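This report describes a single protein chain for a reader who is new to structural analysis. Please keep the sequence and the three-dimensional view at hand while reading.

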Amino acid sequence: MNSKPLRVGLVAWHALPAIVPPAAPTQTAFDPASDSGSKQPTSIRFGETFGGLETAMWTLARHLANQTDIQPICFLETDSPQNGSTPWPKEIEGVKLDISVNRFRAIRHAVGECIDTESKRFRRFSPHLLWQLPLLAVTRPFRSRDPIDKEPDPRLIGKSIDAWISFGVSSSSSRVVATGATEQTPSFVCVRSNAGLEDGLATEVEYRNECGESSSARRFALLQSDHVVCQSQWQLDRLKQAFDRDGLLARNPILREEWQPPFPTPAPASFTQPFDILWIGRYDDFHKRPLIMLEAARKLPHLSFKMIANPFDSEIEARVRREAPENVELIDRVRFAEMPAVFAAAKLFVSTGSREHEGFPNVLLQAAASHTPIVSLSDHDNFLSRSGAGLGCDESVDKLTRNIQAQLRHDAIQWAQVDEYLDQYHNADQIASEFANWVRHAVANEPISPTNPEEEH
């Protein structure tokens, strides 16, 4: 008799746009749709953007669905009961979608950007507060209470899940871990950023990070989960040295064939003309650091740059839009299905991600699989030196500009070697198969052997 598949819950609440492209927004007199290359902010709604965490979750979920004894269920949140005029799907590619609707999520996020709710102080004023605050006050008695950090998440209780996988050392993960503990269900927390292993989490000091999340909740997620999954050898070593925990190593997964032509979805119109440099990130000054890219662009006025930047810090966004030189075009949003063609259109991909905050940037995998040479301010997980996919810059902006010019002048990358490296260390089916094996052991209450340190080559 065949037993029922193991129900594996993958939690990344903001990942819905990585799975289902948002419907085109309705243009109104108060919400004008801007041109993709505009230097004015656009009307992208909160929750319509996604990054490497969400992409990695969806890639893993899709490939876990290929395991005959595993049923992946993605737990997601949105502020709309449907996608434009279309209902949200309940299943895609064998992955079930459990979508919670929080109609006030975007408004509350906008208010939180303006007001520090703990200190009751204004961070900045927005005229939208004149209607947002009264609306939230009037609806408060009818809204569900927020999930509480380090306690079971009401949206997850009673879902008959056999194992939980949460992404990021975060307050959300603390609630997943608490849910698993209450229901005696094993939990895996996937480290998605080196900041998830920062010094402060190894102490009892209470503080909030750049995203406003408490150290106690993040510490709970990291230390109370049944298993911690790392992206890189550095994270694995750091977890053992600073937190005395053995981790599991699962490098970011990619299906290389999806990033090679022919592409089922063409690049958007703003990428049809030849250009030199592609940059992808968000508007901040600590993680993706677009201002560093602008600094390099000013030093290379003969090269053309296209920067796809997601909203995050409105002040940094305004500064980038104000200071962007003429050879930089700012792109507000590109659908995930269009990204393979976008990478293929670029002569070079440049990363300015911080070594302190990045885990392993998915965009490096995507560029490498697309056979687009890479120049990166940091060589995350020694990926560039090991795979041969491009050049690292040791955190030097001067070296960044020199390497951009050198790589464009002479592309000596051996792409067959890069493909072999991706197939060996980042193959999505292999990583999902290993993850599925960990889940089987955890559900059976069997020990999982910690990942042994690799020999670098």
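Which residues of helix α7 (residues 233–243) are buried? In this predicted model, the buried residues of α7 are Gln233, Gln235, Leu236, Arg238, Leu239 and Phe243. They pack against helix α6 and against the strands β11 (227–230) and β12 (248–249). Just after α7, Asp244 takes a positive phi of about 55°.

**The chain as a whole**

The chain contains 15 helices and 18 strands. It has 457 residues, of which 53% count as buried. Among the contacts between residues at least 6 apart in sequence, 70% join residues at least 24 apart. The chain exposes about 21,200 Å², and carbon and sulfur atoms supply 50% of this area.

**Two pairs of packed helices**

Two packed helices are described by the angle between their axes and the distance between the axes. The table gives these values for two pairs in the chain.

| Helix pair | Axes come within | Crossing angle |
|---|---|---|
| α5 (residues 171–182) and α6 (residues 215–224) | 7 Å | roughly 45° |
| α11 (residues 362–369) and α14 (residues 415–425) | 10 Å | roughly 135° |

The crossing of α5 and α6 is left-handed. On the α5 side, the residues in contact are Ser171, Ser173, Ser174, Val177 and Ala178, and on the α6 side they are Ala217, Arg218, Phe220, Ala221 and Gln224. By class, this contact consists of five nonpolar residues, four polar residues and one charged residue.

One residue of this contact may be examined individually. Ser171 lies in helix α5, and because its relative accessibility is 9%, Ser171 counts as buried. Leaving aside residues up to four places away in sequence, Ser171 touches Asp149, Glu213, Ala217 and Arg218.

The second pair is formed by α11 and α14, whose axes cross at roughly 135°. These helices are therefore also described as oblique to each other, since an angle must be over 145 degrees to count as roughly antiparallel. The crossing of α11 and α14 is left-handed. Leu365, Ala368 and Ala369 in α11 meet Trp415, Val418 and Leu422 in α14. This contact comprises six nonpolar residues, with no polar and no charged residues.

**A buried histidine in a loop**

Is His380 buried or exposed? With a relative accessible area of 3%, His380 is buried, because a residue under 20% is placed in that class. His380 is found in the loop between β17 (374–376) and α12 (383–387). Not counting residues up to four places away in sequence, His380 touches Ser351, Gly353, Ser354, Arg355, Glu358, Gly359, Phe360, Pro361 and Leu364.

**Backbone features in the loops**

Most residues other than glycine have a negative phi, and most peptide bonds are trans. Several places in this chain may be read against that background.

Lys150 has a positive phi, near 70°. Its place is in the loop between α4 (129–139) and β9 (163–167). Lys150 has a relative accessible area of 37% and is therefore partly exposed.

Glu395 likewise has a positive phi, near 65°. Glu395 is situated in the loop between β18 (390–392) and α13 (397–409). With a relative accessible area of 32%, Glu395 is partly exposed.

Which two residues are joined by a cis peptide bond? The bond joins Pro261 and Pro262, and its omega is about 5°. Pro262 lies in the loop between β12 and β13 (275–282).

Another proline, Pro311, is found in the loop between β14 (305–310) and α9 (314–323). Its relative accessibility is 36%, so Pro311 counts as partly exposed. Pro311 and Gly281 are 30 residues apart along the chain, and their C-alpha atoms are separated by 9.2 Å.

Notes
Residues numbered from 1 in each chain as written. Predicted model: local features only at pLDDT ≥ 70, side-chain atom pairs only at ≥ 80, totals over all residues. Heavy atoms only, no water. Helix = DSSP H or I, 4+ residues; strand = E, 2+ residues; numbered from the N terminus. Buried < 20%, exposed > 50% of the residue type's maximum accessible area, 1.4 Å probe, protein only. Contact = heavy atoms within 4.5 Å. Areas by Shrake-Rupley, 256 points an atom, 1.4 Å probe, with all protein chains shown as cover. Axes fitted to C-alpha atoms, helices over the stretch in contact; angles between N-to-C directions. Parallel < 35°, antiparallel > 145°, perpendicular 65-115°, else oblique. Left-handed = near helix turned anticlockwise from the far one by under 90°. Nonpolar A, V, L, I, M, F, W, Y, C, P; charged D, E, K, R; others polar.
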